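Subject: Handing over the two-chain model

Hello,

Here is the structure I promised to pass on. My notes follow below it.

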Amino acid sequence: MWICYLLVLLALPQFFDSILAISIFNQMAIAIVFALSYNMLLGQGGMLSFGHAVYFGLGGFLAVHALIMIESETMYFSIIYIPLVGAFFGLLAALFIGSFSTHKAGTVFAMISLGIGELVAASSLIFDSFFGGEAGVSGDRTFGPPVFGVEFFQDVEIYYLAAAWVFIATLFMYLFTQTPAGRMANAVRDNPERAEFVGYSARKIRYISFCASGFFAGIAGGLFALNYEFITEENLNAVTSGRVLLMAYIGGLGYFIGPIIGAVILTLMNSLLSNYSELWMLYLGIMFVLTVLFLPRGFAGFIMMHQIAWARGKLSSLVIPYLITGIPSLLFLMACVAMIEMSHTEEEAFHYLWMELNPSGIATWLITLFIACSSFYAVRLLLPQLNDTWDEVNTIPEKGNHE
Amino acid sequence: MLEVFIFATLNGLVTGLLLFMLASGLTLIFSMMGILNFAHASFYMLGAYFAYSISLYFGFWTGLIFAPLIVGVLGALVERYGLRRVHQFGHVAELVFTFGMAFLIEEAVQLFWGPDTKNYQSPDLLDFPLFTLFGQEFPAYRGFMIGISVTIFIGLYYLLTRSRIGIIIQAAITHPHTVANLGHNVPFIFMTVFGVGTALAGIAGVIAGPILTTFPGMAVVLGSIVFVIVVIGGLGSLVGAFLASLLIGLLQSYAIASDVGVQDLLNLLGLEFDRNHPLTDLWTLTLPQIAPILPFLLLVLVLIFRPTGLMGKREQ
């Protein structure tokens, strides 16, 4: 499993070697570490944070300052350790903030994290000399001593460095979930009262997860600094905090692999979908709300739902009902997207998939509306069938001989 | 000095009461349903945009009546088809859902109205100075804002504590099953409360739109401040929210009007620092500079030392 993961990480640039692809992979690497660290907090520890970007951003800022110091030769070490600098500072910030914010989970914690997030973001604009105001600070990664002759001029070289760090961070975060502290974090998430009765301080357990999470968020921040060589206030404000919440939630909370899926999906949407449509943020919002409504455990949860069917070897009987309901749902989605895009575009003729639509013609509107309505109706009709098959596949027949 | 003080007080009062209009709906929803509605400021933004669109054809006053109604209906729909479904997954899911709605509404507003600032004007009827003090005019529109906000406070307070509807609502929070057994439709009560709460946000949007400018970022600007108020006031306490809004409004207004800084404090102590000191930003800090972060500082302090807020009830 882990070897596969490593192989995929290493092989990716071999198959997709365009500059765009490499930059997407770099973003993905950063997002994966960041989202995993967030999942440590929310998924494993049950603490909903609206200010996780603080640790990411502070780690990133210190990493850039470390780059500047290497450049000016006040410090001398190879840049491959830069993420550690970020991690260290993320940990420091978490040690301090966690000491008072982890008393309670739930709403109180969420509100404190929101307050801290706003506080840090606003103060970063005040303290110009460290945060560089609106313009941010920038460094240069090519000045450190070369590692095996690599000087990190190119993004590919950074990718391999990032991949190594992602692998290490993922491995350690996974190992953390297996430690007693990680296990107790789950217990405290599910029932803090019982955990206290067993003899653990819920607060201390939360504090440990919180610090670990800050540490790994700092690694992500350090990777960000290495990849972009600059960092601004935007990387520690509410927008970034919100994005990591989206990633973790869409991917699937509670499952270790969930945030990885979420990070990959969101980065792909961010960099590919934005080429096709200005409205990709709207689609992201719709997708997020639909996920919260219908897939409370995210994409990973959706995959895991099929475990019983898989174990019983009945997965194949689900394929046909999925296809039958899937096709009209896809049609419905496409028609909706067409309508949204048509209402937004200002061009006369407008290309959608392989067709050319005329946004000012009434007939076009009527046809798309008709497709949307009829496919929606079809989905409504077909959904009970899918549900029946689902129940049939998932109910284990009773054996009859209870003893 | 007195002049500055009086105007800072007036401005703080206007800001505070405006914030209260927003916070009243949020605290109403929280006290009834236990949901911290992240999308509350987004409904406020929708109020401003609907009112702008209506005012283009029918004038400001029609907008004042119909925009909150539309927003309220939208809010009720969100509760009926969204929140009620998410409720079974727990409080975190609810909070995350409203967060998603806030995100979605902001994008939707940009889709329908575009990303630029709208020229939403206050009505001509109120375009005169209410009174003149030290040669400065106080616009009647601001007086109108104060009036509306105080009316909302008194109206809500009496509705919740003195009227039959208020008693049923209060009973529905603590004993939903008993209230249902008495023949009241509890889910419908919750839907209505959510609708009314968002409609209050809509009113705030209609009124604040002309002053604070109507643009897609207006929800983000006020969103977190409103949370600060509700938390500082004590979750679910109307009186607390009222006091906290005034406190935040005045605090910010005084901080902006004052011109003291760390430098003055150091001068007082007889200390002096070099301009090139690495921490020079810290020595040159002034009170107006940190005005925007004061509410959040207060929030964090309150949550640490008095998590129930000013007027909050003790936790069971």
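A residue counts as buried if 20 or more other C-beta atoms, placed from the backbone, lie within 10 Å of its own; 12 or fewer makes it exposed, and in between is partly exposed. By that rule, 40% of the 403 residues in chain A are buried. In chain B, 43% of the 316 residues are.

This is a predicted model: local features need pLDDT of at least 70, side-chain atom pairs need 80 or more, and totals for chains, interfaces and linings use all residues. Residues are numbered from 1 along each chain as written, with chains lettered from A and ligands numbered from 1 in written order.

**Chain B.** Here there are 14 helices and two strands. The C-alpha atoms fill a box of roughly 70 × 50 × 40 Å along the principal axes.

**Where they meet.** Chain A gives 33 residues and chain B 37 (contact: C-beta atoms, placed from the backbone, within 7 Å). On the chain A side, H5(A) supplies the largest share, 14 residues. That side has 23 nonpolar residues, eight polar and two charged. Nonpolar covers Ala, Val, Leu, Ile, Met, Phe, Trp, Tyr, Cys and Pro; charged covers Asp, Glu, Lys and Arg; the others, Gly among them, are polar.

Best wishes

Technical notes:
Contact = placed C-beta atoms within 7 Å. Helix = DSSP H or I, 4+ residues; strand = E, 2+ residues; numbered from the N terminus.
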